[in-house]
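Here is a walk through one protein model, from its overall build to a metal site. Keep the structure open as you read.

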Amino acid sequence: MERLRKAEWIHYANSELDTYIKFVNEQIFPKFVLAKRGYDFSPSRRSSRGGMYADGPGINMAMHHYCKNYTGERLIRVYEYKSFDSSPTIGGFYTKDKYQKLNMVLLHELAHAVQYYAYRINNTRCKPHGPIWKNIYKRLREEFLNPHLGDQVALKAEYDDDVASITKRRKSDIPVATKKELDALFARAASKT
Ligand SMILES: [Zn+2]
């Protein structure tokens with residue numbers, strides 16, 4: 001990806017994160033600081049991470065994965081982890097907004113960073129996608145992403161239509177032999193007997 005477009009995505013992600021962290025400071029942990037923000041654009045980097053780094057809580061984003069194909073409006077299904085993908089509050093969704101997939105992963109990974117901070121503050125531990133993380137992620141999702149998602153029923157219907165019409169188009173792409181071609185084939189087959 002060209003430098004200018006990368007810079008735009010980083011700028012967008014940074015300003016989103018600033019807003020999210022302000023909310024964390026006001027509503028959850030007043031002294032939480034995100035010590036590391038990594039943006040990795042290499043195509044081989046598949047998954048993002050959030051957690052505790054040497055300098056403190058941080059995230060590292062697999063940017064190529066969220067930013068690569070956006071040249072115009074496109075309806076996509078964004079997937080969360082399988083075990084909670086169907087949740088209406090922390091699950092996957094349909095969207096035409098090119099930023100919402102990145103928004104979701106920023107919130108997901110930030111929730112991990114806050115989770116490790118909570119472990120330290122409260123001297124506790126729990127599973128990576130356990131109740132502590134789910135609670136933080138849900139609060140972030142409900143504040144910053146869920147209210148901005150479009151009508152999920154309508155978008156799903158449109159998405160299913162798209163899929164059906166692609167399937168139909170693929171079928172009709174299979175070349176059908178014309179009558180002339182068939183006659184020629186049969187004539188050839190007949191002449192061999
Ligand atoms: Zn996770």
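This is a predicted model. Start with helix H3, residues 100–122. H3 has 23 residues and spans 32 Å from its first C-alpha to its last. That is close to the 33 Å expected at 1.5 Å a residue. Of those 23 residues, 18 are buried, so H3 is largely enclosed by the rest of the structure. Just past the end of H3 comes Asn123, with a positive phi of about 50°.

The zinc ion has three protein donors: His108, His112 and His129, each through NE2. They lie 2.0 to 2.1 Å from the zinc ion. Along the sequence, the donor residues follow the spacing H-x3-H-x16-H. His108 sits in H3, while His129 sits in the loop between H3 and helix H4 (131–144), so this pair ties together parts that are 21 residues apart in sequence.

His129 has 22%, so it counts as partly exposed.

Thr95 belongs to strand S5, residues 93–95. Its relative accessibility is 2%, so Thr95 counts as buried. A polar atom of the Thr95 side chain lies 2.9 Å from the backbone nitrogen of Asp97. Which residues does Thr95 touch, leaving aside neighbours within four places in sequence? They are Arg74, Leu75, Ile76, Val78, Gln100 and Leu155. Gln100 is a residue of H3, which covers residues 100–122.

Step back to the whole chain. The protein has six helices and five strands. Read along the sequence, their pattern is α-β-β-β-α-β-β-α-α-α-α. The C-alpha atoms fill a box of roughly 90 × 35 × 30 Å along the principal axes. The radius of gyration is 24 Å, whereas a compact globule of 193 residues would have one near 16 Å.

Two more views complete the picture. Buried residues make up 38% of the 193 residues. The accessible surface is about 12,000 Å², and 53% of it belongs to carbon and sulfur atoms. Finally, take the contacts between residues at least 6 apart in sequence: 59% of them join residues at least 24 apart.

How values were computed:
Residues are numbered from 1 along each chain as its sequence is written. This is a predicted model: local features need pLDDT of at least 70, side-chain atom pairs count only at pLDDT 80 or more; totals for chains, interfaces and linings use all residues. Side-chain values use heavy atoms; hydrogens and water are left out. Helices (H or I, at least four residues) and strands (E, at least two) are DSSP runs, numbered from the N terminus. The expected span of a helix is 1.5 Å times one less than its number of residues. Buried means under 20% relative accessible area, exposed over 50%, partly exposed in between (1.4 Å probe, protein chains only). Donors are N, O and S atoms within 2.8 Å of the metal (3.2 Å for Na, K and Ca); water is not among the atoms, so sites may look incomplete. The radius of gyration is taken over C-alpha atoms; the globule rule is 2.2 Å times the number of residues to the power 0.38. Contact means heavy atoms within 4.5 Å. Accessible areas come from the Shrake-Rupley method with a 1.4 Å probe; for residues, only the protein chains shown count as cover. A polar contact is a pair of N or O atoms within 3.5 Å; within protein, one must be able to donate a hydrogen and the other to accept it, and residues adjacent in sequence count only if both atoms are side-chain atoms.
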